[in-house]
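Please go through the model shown here by question and answer, with the cut-offs behind each term stated along the way.

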Amino acid sequence: MKRKWWHDKVAYQIYPKSFLDTNGDGIGDLRGIISKLDYLKELGVDIIWLSPIYKSPFVDQGYDIADYYQIGEEFGTMEEFDELLAEAKKRGMYILMDLVVNHCSDQHEWFRQALKDPEGEYAQYFHFVKGKNGEAPSNYRSYFGGSAWEKVPGTDKYYLHMFAKEQPDFKWENPRLRKEIYQMINWWLDKGLAGFRVDAIINIKKDLDFPSFPADGPDGLASCVKMVEEVQGVGDYLEDMKRETFQKYDAFTVAEVFNMKEDELAEFIGEDGHFSTMFDFSAHELAQGESGWHNSRPVEFREWRDTIFASQKKLQEVGFPANIIENHDEPRGASRFLPEYAQNEAGKKMLGTTSFFLYGIPFIYQGQEIGMTNCRRSDISEYDDISTIDQYHEALRAGCTQEEALACCYANSRDNARTPMQWEAGENAGFTKGTPWLSVNPNYTKINVADQEERADSVLEFYKKLTALKKCPEYKETFTYGTFAPVYEASDSVFAYYRISEEGQKILVAGNYGTEACTLKLEGACRKVLLSNLGREAALQEEAETEGKITLGSCESAVLLLESVD
Ligand code: GLC
């Protein structure tokens, strides 16, 4: 594999709106991010991905962009953004922006022009399509519910929106549109950006016949995913974009890709693929319900572990994945992936351990490093997220009671991850001096940065150990490029794997997700216990040396250097 500058890095996702507010308007801002660069540096973060901070009406929290060249005034100014870039650079850190180019906001100048003149040049930037028999061109359901088509006022046409109706989809078939997008990307890269997280990118290719599909829900519609799954040729656009932009800058790109065709993996992230990497969502997809959150299901340990293992084995043959526990679209990992008895500091550290050393580049989502959790709400009005509100009503339509529908939101809502970052035990968790745009999780008095910085055994201090170990010169090669190989797979509670370098350095990573203690007979002598989530390095070392095994209690994890292999 060609070595890349970003392979051995640790990345961190900031959700700017909820990170830190310094001007009291209840919305996080760039000044807040700048003031926490040292916090992130100390955590061991190299690459920072910012969810969108562009000018936006926030129908979908900034994923509806009204101007790609402007910073949203809630977040600050372009000068402050430049300052952020400079301050990051001083600390040897890299900044990624979110690249949202499947769609824009209906407030974007192009779309306004398009509506003004539906036969004109800008209408060609979007999918303006004639209706069929007085109805929408096809029966697609948008990702956020309801038809994916909206009437273009005063015409017999409809425009396509795979997400909210305020997020019209671009027509990538139009070379002028593509050129404008490439120019914009290069403009940001020229500024000194290290790259992009690339949003919802699989959706850019449409079947221009817009065929309807058999209905898959009581609304008589069919998910727009069907079209995405069937249409061929997205790779042509992705390759074109890469050549015209990212490649020229050696930029780092991490793509959000769902519904890719299996055999396209190498084209996406193989050597010279369309992107540097893409997120592995295989574990997150397990919880997905057939037709919505109301029939989503709890993730069972063994299935979860085996899914990650299978994914790792496949991905390491092809490229270099990006690994997450959670992000701004997912509930908190500690609430989703840890059984109830493990939803404590030991469990969160164990989850951190077994995820962090997987093959690929780890992304920490803000608040994960202190073990933030899902947030229970007592009424749907306390939620902000467009998809949560849709799913709540979907659950009611499917026959759930209000209580059950709220329970679905508690388990699945994107707002679980979007509550303000918990900095301290004081009012509003130290996130704002005003009224937070989304109320804080009441558990901030117990789970917060200030407390954890004071406690050597906190989740936060443990995450610092994880990043330090991953970067330790003696093991870095193995953690970065070593082969991933699962072990102790017969166990129903152990999540364990080796990382083995080409030189034969062998590291065991293991966590016991069960309620009972378990014994792992070591395959090879233990050279050194590199990390224990319970501070039991010495005890584990002694057991390993004298008995050739380690015993992990419930919610205990360890990382061991074993004797090298040929
Ligand atoms: C991606 C984003 C999500 C957004 C959607 C539409 O999935 O992560 O937050 O709602 O794209 O842009």
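Q: In which helix is the place of S311?
A: This is a predicted model, in which local features need pLDDT of at least 70 and side-chain atom pairs count only at pLDDT 80 or more, while totals for chains, interfaces and linings use all residues. Residues are numbered from 1 along each chain as its sequence is written, and side-chain values use heavy atoms, with hydrogens and water left out. Helices are DSSP runs of H or I with at least four residues, strands are DSSP runs of E with at least two, and both are numbered from the N terminus. On that assignment, S311 lies in helix α11.

Q: Is S311 buried or exposed, and with which side chain does the side chain of S311 make a polar contact?
A: Buried means under 20% relative accessible area, exposed means over 50%, and partly exposed is in between, with a 1.4 Å probe and protein chains only. S311 has a relative accessible area of 6%, so S311 is buried. A polar contact is a pair of N or O atoms within 3.5 Å, where within protein one must be able to donate a hydrogen and the other to accept it, and residues adjacent in sequence count only if both atoms are side-chain atoms. At 2.8 Å, the partner of the S311 side chain is the side chain of D280.

Q: How far apart in space are V318 and R414?
A: V318 is placed in helix α11, which covers residues 301-318, and V318 is partly exposed because its relative accessible area is 26%. V318 and R414 are 96 residues apart in sequence, and from C-alpha to C-alpha their separation in space is 31 Å.

Q: Which residues are the closest to the ligand?
A: A residue counts as near a molecule or strand if one of its heavy atoms lies within 4 Å of it. The ligand is surrounded by 13 residues, and this shell divides into 4 nonpolar, 2 polar and 7 charged. In that division Ala, Val, Leu, Ile, Met, Phe, Trp, Tyr, Cys and Pro count as nonpolar, Asp, Glu, Lys and Arg as charged, and the others, Gly among them, as polar. The closest are D60, D199, E256, H328 and D329.

Q: What percentage of the ligand's accessible area does the protein cover?
A: Oxygen atoms of the ligand lie 2.5 Å from an N or O atom in the side chain of D60, 2.8 Å from a polar side-chain atom of D199, and 2.7 Å from an N or O atom in the side chain of E256. On its own the ligand has 310 Å² of accessible area, and the share of this that the protein covers is 95%.

Q: Which residue caps the N-terminal end of α5?
A: Helix α5 (residues 175-191) has 17 residues and reaches 25 Å from its first C-alpha to its last, close to the expected 24 Å, where the expected span is 1.5 Å times one less than the number of residues. Its buried residues include L177, I181, M184, I185 and W188, and α5 is followed by G192, whose phi is positive, near 115°. At the N-terminal end, a side-chain oxygen lies 2.9 Å from the backbone nitrogen of R176, and the residue providing this cap is N174.

Q: How many disulfides does the structure hold?
A: A disulfide is a pair of cysteine sulfur atoms within 2.5 Å. The sulfur of C104 is 17 Å from the closest cysteine sulfur, in C224, and therefore too far for a bond; the sulfur of C400 is likewise too far for a bond, because the closest cysteine sulfur, in C408, is 4.8 Å away. The number of disulfides is 0.

Q: What is the value of phi of F58, near which angle?
A: Most residues other than glycine have a negative phi. F58 is placed in the loop between β3 and β4, and F58 counts as buried at 16% relative accessibility. Its phi is positive although F58 is a residue other than glycine, with a value near 60°.

Definitions and conventions
Areas by Shrake-Rupley, 256 points an atom, 1.4 Å probe, with all protein chains shown as cover.
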